[in-house]
Every structure is written in structure tokens, then in C-alpha cells.
Amino acid sequence: MIERIARALRYGLVTAALALVSTSARAQLQVDITSGVTAPVPIVISAFTDDAQPSSAVVGQDLSRSGRFVLQERTRADYMVAGRALPAAEGRITIEFELVNLLTGQRLLAEQVTAAPSAWRNAAHRIADRIYQRILGVRSAFATRIAYVAVDGVAPALRYRLVVADADGENPRTILDSRLPIMSPAWSPDGESIAYVSFETRSAAIYVQTVRTAARRRVSGRAGVNGAPAWSPDGKRLALTLSSAAGNLDVHVLELESGTLTRVTEHPAIDTEPVWASDGTALFFTSDRAGGPQIYRAAPVAAAAVQRVSFSGSYNARARPSPDGRQLAHVTREGGAYRIAVLDLQSGAVRVLSKGTQDESPGFSPDGGTLIYAGRERGQDVLATVSTDGLIAQRLQATSGDVREPAWGPFRP
Amino acid sequence: MFKKSLVLVLPLLVLAACSSTSRQEEAPPAEVAPPPAAVATPDDADAMASAGTVGELNARSVTLPPELADRRIIYFAFDSDAISAEDQALIAAHARFMAGRTGVRLRLEGHTDQRGSREYNIGLGERRAQAVRRALGLQGVAEARLSTVSYGEEQPAVGGEDEAANARNRRVELVYTAE
């Protein structure tokens, strides 16, 4: 018991130090852990020998921010990580690292990661992913990216940017900059492209942009609403929302290569926010055909039969399935507050996982262990994460301006 | 592109671009400038400069009478697309203005307050824009002269989260353009 309290205290100190480190690193997003597990795994990470970059610090930051680990001195740690950097072919750097169980003396990992010097952070995230999985037995997603919309300025003169960053908020890169709104970024399943809505022509259009090259293509620019793009798991189709001349929104499916368009819903209500079931056999979407918005399911075919999926509460919207397909994250209204909830598709049970009043835009991390969403704190739009067990929460806050509509990218090969 | 689509909005835009925060706070709802016109430009200064130039060129092409110039916004109750009797009269006045000027078109920009899911709010903003479009149609404005766009909650007229801000953000803006 005393040991647990002592760990919790030390954990608090480590957290405070991390916030400072990330600010001084000029990150656009500052990460703070807002709650964690009571007994995280104590681990010591020695500085990697001959490493020109602080790779070991990034590994430690990943693990401690996950909330499942606490950085510790060697005498108090259960696990130890050590490593060294050495030159590899073509100017690249190899980091050899070891993970040792200090209680048993057993060497659990002895591996190496090689990367270009400019990709040193990614290499560190990969090391953290290996350690996390070896100790806890489940996958983490440190070596992935997020996209989000950043908004600066004072209404109505706002500036909108679409930003891609590492999952820890570092290396932010603006891939689109506009004085008119940008919405609904969605990663292609291969992580190469992002579909989004831009109003840059003073009407809505959906674009697909290659992240690496910034090359982009307008895939839907019909009159009226072009919204809510969602990639099929095979990356060949986009579900999206289009409006009729009379302004009625319906869910459609667009074959990207042929341009063939299929209207899935045919109802005078608002039908929008489509997303593919993880196995690609169905779409979930938001509809207010029963009065308020609720979540429905339909096959991705013309004039599909529609089933209602959400039943608790008067406002359920913007579903996103877990990678295993068993759960749907969504926005629910509780009293006057909009919060992030998870619906178990088999049992119908709903768990509310966020505590804000304007929480929205939820999505799962690719490992399924974490939800990322947008919320509002003290007049600023911030990003937040919460573990699906509800125990670990983080806030990712911009140093200035609003950040919203996070989209967590897939695992990278 | 700009020459066709930007009109009388622009003097206000230039004001907004140069104004201080206090000016924006003082502005009554009807004078809230529609959002800036320039499309995605990394360089803010250039974007504003070009928008200003376009505005000066185009400000002459549509001149609204004073009683309409400051009354181009229709406000809505929470979760509603119902137009008040007073605003029906305002819409009729805009329809009469359009009746005499065949070269003038009108873009109806629907907006919601910040609450709720963003893409769903695009649907609610579209409903409001369509409600105004139908009302103008009933007043005899030809379909082809009207277009709608919904910005949902993405372009608030004012910041803030209280009901006063929400009420000013639930709106349809009437944006005149010259053919």
C-alpha cells in the first residue's frame, strides 16, 4: 500500500517534468496526463550510448504518457531498457536496445531499429512500441500519426489549417492552410492519404491529398453538401454525404477509381456521418429520421435497408467503430453536455468515457486501446485521449488557438 | 472567380481585417462581417491585400439600399429552421430588391451554434439555408438565382459559448453576388 502511494507521488513528479520538456521542445501540442492507473509499471531507461538524439528520452516519454508505466531509478524499477546508437549504411542510424526484467534477470528483448537521422523520433516510438507490447502483452500506437484541424484568429476572421503530427503531437506539419473551413479529416487505410472537406471555393468539396507529396484531387464537388468522407477498409471507396437540390442529406458511396456513385440512404431526414464497419460489410451513420440524431446501420448498397443501432438517450451521433468491430465510439448528450461514449454492439451497453460539456469527434487508436476526441476547456478547443478502460486520460492542447477533429492514423508498415 | 463572387461584402471585410478586437465586440449583430474571401494562402498579408483590391473593384457592382444593407442575416431558435414573421417580411424586402435587378444572385449561407456533432450540424445549417431559399422562392425569386451552402458550426459570427453567442451564430447570411 505504502509502496503504491509512493509510486503515485513519484509518478506525479515525473508528469510535471514532462509537461515542461514538451513545451520547451516547441511542440504545437502540449501533452498532459490528467489521470492514470494507480500502480503503473516502474521502468528505468538509460540514455542510449553514442546517441546524437535524445531517443531514450522519447521512449521514456511515450511509455510514461501511456499511463501504464512510470519512469524510475534503477533500484526501484522492475524493468530496464538500455541501448546504443551506431552508424548504418547510407548515413542511417541503428539503435540496438535491450529490455531486461530486473526481478528475474531475464533479457526480454534484444533488437535493433534503423532509420534515417531525420526519422530518429519515429525510431524511438518503434522501440517504445516493442517494449510496451513485450511487457503488457498488447499493442501500442506510439509510432503512428494523427491529423487534426487547427484554428487561429478571432471569429469571424478565422484561419484554418489541416495538420499532421506524430501521435505525441511532435513534428506538426501543416498540409493545408485556408481562410475558409476545413473539416472531417480521414486517413486512408494505408496511411498515405487524407480525405477532408474544404470550403475554399465558398462551397463544400471533398479532396483526397497525399500526405507525403501534398498532391491532391477533388473527388466530390457537387452542388450543395459534400461532407463526412469515410474510407472503406480496402481504401477503394469513400462513403460520404451529399445533398439533393432541395437540401436533403443522404449517405452515398463513391468508387474512387471509376467515380461511380451509389446512393445508400433515401430518406427526407438528415443522413450523414457515415463510417464503415471494421469488416467493410456495413456502414454506420447518423440520422434524425426518428426526431433527434441516432446511429443507424445499413449495407453499403443502393437503397439499403436501415437498422437503428443506438437507443439510449436523445442524441447519439458520429459513430466510429473499434478496430475489432465490437464497439462504437460516438457522441452522446447527457443533460446539456455532449460526451464521448462507447456502445458495445453485442450487448447494447453504453459507457460514457469523457467528462466535458462539448466533447466531440471521437475515434479509436489503431490498437483499439485509446480514444482520441476533441473537447473544450476554458474557451479553447483541445484534443484529449482516454483509455478504453476509462483509467488514463491525456490532454493535448495547442500552445495557442484551437485544435479539433482529431483523426488517428493507421499503423505504419 | 473573385470578380464574380465578391460584392458588397468586401467593404465590411476590409473593416474586419483592420479592426481591433474592441471594434468587433462593439459591432451589433447585423453588422457582423461575413467571413474573409481569400482562399487558402499561406501568406496572410498577401491574402488580405488581394481581397481588399478585389473589394474596391467590386463594391460598385451591387449596391443595396440602406434598409437592406445591414439586414442580411436571419436568426434562428435552437434546433429550429423556422423563420419569424418579422424575418419573413425582411425576406420579402430582399425578394423585391432582387426582382428589379436580374443580374444579381444570392448565396444563402447556413450556420449553427457550436453545440453538437460537426457534420450533423452541416445538415442543420443546410436546413436553415433551404428554409430561406424556399421563402425567397415563395416571394417569386427564381430558383436559378439562389444557391445554398452550409457551414454548420465552422464559421461562427462571434466566439464564446453563452446563449448570447449561440443566438448570434444560429443564422443564415444573405450574400449578394453579381453575375
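## A helix and its length

The expected span of a helix is 1.5 Å times one less than its number of residues. Helices (H or I, at least four residues) and strands (E, at least two) are DSSP runs, numbered from the N terminus. Helix H7 of chain B, residues 118-138, has 21 residues and should therefore span 30 Å, which agrees with the 30 Å between its end C-alpha atoms.

This is a predicted model, where local features need pLDDT of at least 70, side-chain atom pairs count only at pLDDT 80 or more, and totals for chains, interfaces and linings use all residues. Residues are numbered from 1 along each chain as its sequence is written, while chains are lettered from A and ligands numbered from 1 in the order in which they are written.

## Buried helices

A residue is buried if 20 or more other C-beta atoms, placed from the backbone, lie within 10 Å of its own. In H7(B), 18 of the 21 residues are buried, so the rest of the structure largely encloses this helix. After H7(B) comes B:Gly140, with a positive phi near 95°.

## Two domains in chain A

Chain A has domain 1 (2-136) and domain 2 (145-408), with bounds from an automatic or database domain assignment. Their centres, taken over C-alpha atoms, are 32 Å apart. The contact (C-beta atoms, placed from the backbone, within 7 Å) takes 18 residues from domain 1 of chain A and 19 residues from domain 2 of chain A.

On the domain 1 side, the elements giving two or more residues are S1(A) (29-35), H2(A) (55-65) and H3(A) (120-136). The largest share, seven residues, belongs to S1(A).

Key:
A residue is buried if 20 or more other C-beta atoms lie within 10 Å of its own, exposed if 12 or fewer, and partly exposed in between; C-beta atoms are placed from the backbone. Two residues are in contact if their C-beta atoms, placed from the backbone, lie within 7 Å.
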